[in-house]
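Please examine the model below with its pocket, its ring pairs and its charged contacts in mind. The explanation after it takes these topics in turn.

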Amino acid sequence: MELILKHAPYYRVKRGQTLALIAETFRIPVSVLVKENALEKEVEEGQVLSIPASRFHLYRVRGGESKTLLCGSAARFRELNATDCFYPGQIVFLG
């Protein structure tokens, strides 16, 4: 599953939306959305978020894969995905 993101750079949060729902809608990792917007808590209705457009591809992690295999190194994985978490089924940016 590889996608190239092409979205508007900003998004206004609607009533009842969560970070997870917004990230899923724009097909980006929650951690990237949090980092991009320097969030420390859940989003609120009316809040404007920056949605990072990317030249990178999204990928769903499969069992047996590693950060190094997908991004070249653990450091590059962390840089692209704003997290050290790594598990099967996770959607991540590839570098």
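The paragraphs that follow lead from the conventions to the pocket, a helix, the aromatic pairs and the salt bridges.

This is a predicted model, in which local features need pLDDT of at least 70 and side-chain atom pairs count only at pLDDT 80 or more, while totals for chains, interfaces and linings use all residues. Residues are numbered from 1 along each chain as its sequence is written, and side-chain values use heavy atoms, with hydrogens and water left out.

Rolling a probe the size of a water molecule over the atoms shows where empty space is left. A pocket is defined on a 1 Å grid over the protein atoms alone, as an open set of points where a 1.4 Å probe fits, with protein on both sides within 12 Å along at least five of seven lines; lining residues have an atom within 4 Å of a point. Grid points are joined across faces, edges and corners, and a volume is the space filled by probe spheres set on the points. The largest pocket holds about 280 Å³ of space. Its lining comprises 13 residues, and I28, P29, V30, Y87 and I91 are those nearest the centre. Seven of the lining residues are nonpolar (Ala, Val, Leu, Ile, Met, Phe, Trp, Tyr, Cys and Pro), two are charged (Asp, Glu, Lys and Arg) and four are polar (the others, Gly among them).

Two helices contribute to this lining; helices (H or I, at least four residues) and strands (E, at least two) are DSSP runs, numbered from the N terminus. Both α1 (19–26) and α2 (30–37) supply at least two lining residues, and α1 gives the most, with three. Within α2, residues S31, V32, L33 and N37 are buried, where buried means under 20% relative accessible area, exposed over 50% and partly exposed in between (1.4 Å probe, protein chains only). The cover over the buried residues of α2 includes α1, β2 (48–50), α4 (74–81) and β4 (91–94), with contact meaning heavy atoms within 4.5 Å. After α2 comes A38, which has a positive phi near 50°.

The structure contains two aromatic pairs, a term for rings of Phe, Tyr and Trp (its six-membered ring) whose centres lie within 6.5 Å; planes under 30 degrees apart count as stacked, over 60 as edge-to-face and the rest as tilted. The ring centres of Y11 and F26 are 5.2 Å apart and their planes stand at 70°, so this pair is edge-to-face. It links distant parts of the chain, as Y11 belongs to strand β1 (residues 10–12) and F26 to helix α1, 15 residues apart. Both Y11 and F26 are buried. F77 and F86 also form an edge-to-face pair, with 5.4 Å centre to centre and 85° between the planes. F77 is buried because its relative accessibility is 0%, whereas F86 is partly exposed at 24%.

There are four salt bridges, each a side-chain nitrogen of Lys or Arg within 4 Å of a carboxyl oxygen of Asp or Glu. Among them, R15 pairs with E45, their closest N and O atoms lying 3.3 Å apart. R15 lies in the loop between β1 and α1 and E45 in the loop between α2 and β2, so the bridge ties together parts 30 residues apart in sequence. R15 is exposed at 68% relative accessibility, and E45 is exposed at 52%. Another salt bridge joins the side chains of R78 and D84 (2.6 Å, N to O). R78 counts as partly exposed at 38% relative accessibility, and D84 as partly exposed at 45%.
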